[in-house]
Amino acid sequence: MDQDKKQVYFFGDSIVAQDKKIYTYPADYNQNEIGTLCEGYPTILERLFDFETYNFARGGQGISQQKEVILSKDFSDADLVIIGVGVNDFSAGKPIGQIPDSTEAKHDATFTGEYCTALDYIYQSNPLIKVILMTPLHRCTLHRKGNVPVNTIDTRIHGNTLKDYAQAIIQIGAFYSCPVADLYGSSGMNRFNLRYLTFEGVHPTNAGYRFCSGPLVDAVKRTLDGMKG
């Protein structure tokens, strides 16, 4: 551990977890990228800000599983936490829930409730830590024959779209006064360019990560400015 570098902890799903791993996805698009090394969010931030990053994200996981990972960690030496979950919760139809009506309210087992449990623990471990939340990216798998199209902008599972989870994350960020990198709303990735930036309408290529990471980079810049002095 380099004490001169900011210590940054990542949590999330496969799109966060893929960093520094070889791409092995079943590719409908950009097959030439299979077998190359992923340069995802942690790598991008390391190059821009000289961070020391630790990636605890896991493929296929949502807030329930990543909450347990978070509760197992010590944040006393961490400077920044970045969390990117939501799409697997959407695919599983996890109830979104509501922001607590009191700071003393007990959190339930909904998406919002478990997210708040995780954030409470982080801030209780280190009250001065900075946290950035990320909303999911747009995605579309309608081109896959026989595949249940849970990854489209219109799909509803138990009444909720992926956008509803993105909006819930924005509300959670406001509740904790922590910045949200709104990749769903402002990354530039949409149904028209997914074939050029992902392997199958879901997981970004290296070019995809560079294309969509602007909101995260901007959130980090603002956060670092607030940490000066």
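This is a predicted model: local features need pLDDT of at least 70, side-chain atom pairs count only at pLDDT 80 or more; totals for chains, interfaces and linings use all residues.
The lining of the largest cavity comprises nine nonpolar, two polar and two charged residues. A search of the whole structure returned one cavity of 30 Å³ or more. The space inside the largest cavity amounts to about 110 Å³. In total, 13 residues line this cavity. Nearest its centre lie Asp13, Ile15, Thr135, Pro136 and Leu137.

Leaving aside neighbours within four places in sequence, histidine 203 is in contact with Ser14, Ile15, Tyr25, Leu197 and Thr198. Histidine 203 sits in the loop between H8 and helix H9 (206-212). Its relative accessible area is 13%, so histidine 203 counts as buried. Lysine 6 lies 197 residues away from histidine 203 in sequence. In space, the two C-alpha atoms are 28 Å apart.Leucine 194 belongs to helix H8 (residues 194-197). With a relative accessible area of 3%, leucine 194 is buried, because buried means under 20%. Its contacts, leaving aside neighbours within four places in sequence, are Tyr29, His138, Arg139, Cys140, Met189 and Gly201.

The nonpolar cores were examined next. The largest nonpolar core holds 36 residues. Within this core, Ile83, Tyr115, Leu119, Val131 and Leu133 touch the most other members. Several elements give two or more residues to the core. The helices are H3 (63-71), H4 (87-92), H5 (111-125) and H6 (162-176). The strands are S1 (7-12), S3 (80-84) and S4 (130-134). Tyrosine 115 illustrates the packing in detail. Leaving aside neighbours within four places in sequence, tyrosine 115 is in contact with Ile63, Ile83, Val85, Leu133, Ile169 and Ile172. A second core is separate and has 32 residues. Val16, Tyr23, Ile82 and Leu183 are included in this second core.

Charged pairs were considered next. Side chains of opposite charge can pair when their charged atoms come close. The whole structure contains seven salt bridges. In one of them, the side chains of aspartate 50 and lysine 5 meet at 3.3 Å, N to O. This pair links distant parts of the chain, with the partners 45 residues apart. Aspartate 50 lies in the loop between helix H2 (41-49) and strand S2 (52-55). Lysine 5 lies in the segment before S1. Aspartate 50 has a relative accessibility of 45% and therefore counts as partly exposed. Lysine 5 has a relative accessible area of 24% and is partly exposed.

Another salt bridge joins arginine 47 and glutamate 39. Their closest N and O atoms are 3.2 Å apart. Arginine 47 counts as exposed, at 59% relative accessibility. Glutamate 39, at 25%, counts as partly exposed.

Lysine 67 pairs with glutamate 68. The closest N and O atoms of this salt bridge are 3.3 Å apart. Lysine 67 is buried, at 13% relative accessibility, whereas glutamate 68 is partly exposed, with a relative accessible area of 45%. The pair is part of a network in which salt bridges share partners. The network joins Lys67, Glu68, Lys94 and Glu114.

Two backbone angles complete the description. Lysine 20 has a phi near 70°, a positive value in a residue other than glycine. Lysine 20 is placed in the loop between helix H1 (14-17) and H2. At 44% relative accessibility, this lysine counts as partly exposed. Histidine 158 also has a positive phi, of about 55°, although it is not a glycine. The loop between S4 and H6 contains histidine 158. Histidine 158 counts as exposed, at 66% relative accessibility, because exposed means over 50%.

Notes:
Residues are numbered from 1 along each chain as its sequence is written. Side-chain values use heavy atoms; hydrogens and water are left out. On a 1 Å grid over the protein atoms alone, a cavity is a set of points where a 1.4 Å probe fits but cannot get out, and a pocket is an open set with protein on both sides within 12 Å along at least five of seven lines; lining residues have an atom within 4 Å of a point. Grid points are joined across faces, edges and corners, and a volume is the space filled by probe spheres set on the points. Ala, Val, Leu, Ile, Met, Phe, Trp, Tyr, Cys and Pro count as nonpolar, Asp, Glu, Lys and Arg as charged, and the others, Gly among them, as polar. Helices (H or I, at least four residues) and strands (E, at least two) are DSSP runs, numbered from the N terminus. Buried means under 20% relative accessible area, exposed over 50%, partly exposed in between (1.4 Å probe, protein chains only). Contact means heavy atoms within 4.5 Å. A nonpolar core is a set of buried Ala, Val, Leu, Ile, Met, Phe, Trp, Tyr and Cys residues joined through side-chain atoms within 4.5 Å. A salt bridge is a side-chain nitrogen of Lys or Arg within 4 Å of a carboxyl oxygen of Asp or Glu.
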